[in-house]
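Dear colleague,

I am passing on the structure we spoke about, followed by some notes on what was found in it. Please read the notes with the structure open beside them.

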Amino acid sequence: MRYRTPFFFCLLLVMIAVDGRCETDLTVSVTGVEGRLHENVMARLRINLFRADSSLSAAEIRRLHRLAEEDIVSALQPYGYYNVTVDGRLERDDASWQAVYRVALGDPVVVTDLSVAVIGEAAQLPELADAQARFPLRSGAVLDHQRYERGKKELLRRARSLGLLAATYTTSEIRVDRADNGAEIELVLDTGRRFVFGEVDTDQLVISGELLARFLPFQPGEPFSRSLLQDLQRDLYRTDWFDTAVVAADTSDLEHLSVPVTIRLTEQEHYNRYSFGVGYATDIRSHVRFEWLNRLLNKQGHRAFASFLVGEQKSLGLINYSVPVADPRFSTVTASGLWNRELWEDTVTSKVSAGLAYDYLTPEYLFGVSVEVLNEDYRIGSTRGSTSLLMPGAKGSLALADDVVNTENGLRVTVDISGASQDLLSETSFLKLRGDGKLILSPVDGWRLIGRGSIGGILVEDIDDVPPSLRFYAGGEKSVRGYRYRSLGPADDSGNVIGGRLLLTGSIEIERRLSRYWRAAAFYDVGNAMDDFEVDLVDGVGIGIGVALPFGQARLDLAYPLQDEGRSQAVYLSVGADL
């Protein structure tokens with residue numbers, strides 16, 4: 001028997017240990033709080049966090065239950081509730097446990113006094129002078145610790161962005177009076193001394209030092225700003241000249257007020273891009289296209305582009321040579337040469353042109369001026385003509401959108417003006433103006449309203465003096481759908497459409513998102529090209545189906561003309577950005 005006693009004793013201990021383990025379900029419920037308060041309670045409540053642990057013993061469950069009130073109170077204090085009471089119970093029913101907690105929030109603590117002060121030599125900077133007014137908490141508001149911390153971080157971030165790298169809080173206190181449900185907040189930010197940009201060291205052989213210097217949004221000795229460094233790095237990447245672009249400031253030595261900056265740039269492996277494609281577009285039919293782009297020809301930032309297209313109704317050759325000038329982020333001078341042959345309806349035109357243009361382009365707007373030398377030979381029916389022109393021009397564009405590629409809400413407005421004079425090496429005199437606009441709105445999730453319109457006019461004695469490529473026509477994918485490309489406009493005695501002095505078109509469209517990628521739309525287009533506004537407008541209706549892509553939308557439209565002025569061309573294929 002003396003050998004069996006230890007065996008049975010050990011077996012008893014194992015049975016006790018096993019019996020103490022909880023292999024049963026544990027459910028936890030909390031009432032009296034909702035929304036973010038409930039979410040935070042459940043995230044802090046330890047009995048809820050460990051309830052799925054099958055190794056919990058009955059003793060451990062009871063211990064977690066005893067801690068529940070502390071967990072709930074601490075979870076609600078960040079939202080201003082300091083007088084919380086919790087009524088909790090823990091019950092066991094056969095193989096399951098239930099933990100239930102009823103919470104009474106009580107009155108929230110209110111901010112009775114708020115003091116946000118900025119001291120130091122930079123305290124009077126305009127960006128810091130209104131620190132208390134911009135703080136997210138106000139006297140009389142419920143104490144919210146998250147908003148308090150967010151306000152602290154934002155004020156400190158603003159100070160650091162102004163070059164106050166040693167800025168720190170000398171006082172940061174919340175004093176809560178539970179009895180009166182009141183809280184006093186006191187913040188004192190000492191700005192310290194203001195740092196400035198030091199010497200700029202460059203580690204690169206990609207572009208010239210003079211060109212790189214024109215990218216710098218700061219000069220040594222100016223107040224230091226991290227946002228300017230971020231802007232510089234972003235602008236360098238946007239050029240597409242560099243494989244990597246790193247702009248770094250050395251703030252390890254705060255004993256000196258001068259912050260050195262290092263710019264490291266590495267070149268792209270290949271600067272030439274080639275593309276070749278065979279395709280079909282509704283307005284120009286089948287075609288073959290070849291394009292070449294050199295993103296960086298030399299260390300001065302020059303860029304070259306060439307495009308060649310051969311198609312059923314259009315063929316062209318285009319060469320552009322661009323040079324960054326002034327502010328290289330936005331300003332470019334481009335020399336171009338173009339040969340273009342195009343036919344539509346009973347018109348055939350062939351033109352050669354050369355031009356010089358200055359463009360100032362930002363993500364939001366464009367302004368440009370240009371001069372172009374144009375020679376155009378054309379035939380309209382049996383009538384032939386030839387024109388040589390020297391045309392100055394100007395253009396402007398404004399785009400406001402959440403995303404110009406896949407747009408939920410956005411607006412684009414474009415205005416072009418050009419002309420020629422017989423007193424300036426041209427065979428005729430005229431002035432041409434055109435305005436285009438597009439508006440996209442998403443009033444309800446999953447739906448878009450799209451409006452588009454164009455208006456234009458040519459001041460000239462006789463429209464026959466203006467070459468066809470400069471006259472106004474309507475009809476086609478970007479005009480009045482349901483009618484062939486450039487099939488609408490004034491006609492001669494033989495019925496050939498010759499184009500007009502005036503243009504007026506508009507479109508309204510409603511689009512429904514069917515899934516993450518697919519879209520369906522219905523549209524109504526109206527407009528015409530004319531010599532006076534007494535001409536009736538024509539209209540068309542249609543439906544479309546599209547698929548959203550990273551670079552825009554691929555779209556198939558079926559359109560039906562509501563008048564007989566043009567034979568219907570019901571199918572349109574298009575690919576491109578929304579705006």
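The notes below cover a charged patch, a helix and a strand residue.

This is a predicted model, in which local features need pLDDT of at least 70 and side-chain atom pairs count only at pLDDT 80 or more, while totals for chains, interfaces and linings use all residues. Residues are numbered from 1 along each chain as its sequence is written, and side-chain values use heavy atoms, with hydrogens and water left out.

R62, R63, R66 and R92 form a positive surface patch (patch residues have over 30% relative accessible area and no salt bridge, with like charges joined within 9 Å and nonpolar side chains within 5 Å; a salt bridge is a Lys or Arg side-chain nitrogen within 4 Å of an Asp or Glu carboxyl oxygen). Helix α4, residues 58-76, supplies the largest share of this patch, three residues (helices are DSSP runs of H or I with at least four residues, strands runs of E with at least two). R62 lies in α4 and counts as partly exposed because its relative accessibility is 40% (buried is under 20%, exposed over 50%, partly exposed in between, with a 1.4 Å probe and protein chains only).

In helix α2, residues 35-44, the buried residues include L37, N40, V41 and M42, and their cover includes β1 (25-31), α3 (46-49) and also α4.

E372 belongs to strand β16, residues 365-380, and is partly exposed, since its relative accessibility is 24%. Leaving aside residues up to four places away in sequence, E372 touches S353, A354, G355, L389, L390 and M391 (contact means heavy atoms within 4.5 Å).

Best regards

Technical notes: Areas by Shrake-Rupley, 256 points an atom, 1.4 Å probe, with all protein chains shown as cover. Lys, Arg positive; Asp, Glu negative; His and termini not counted. Charge placed at Lys NZ, Arg CZ, Asp CG, Glu CD.
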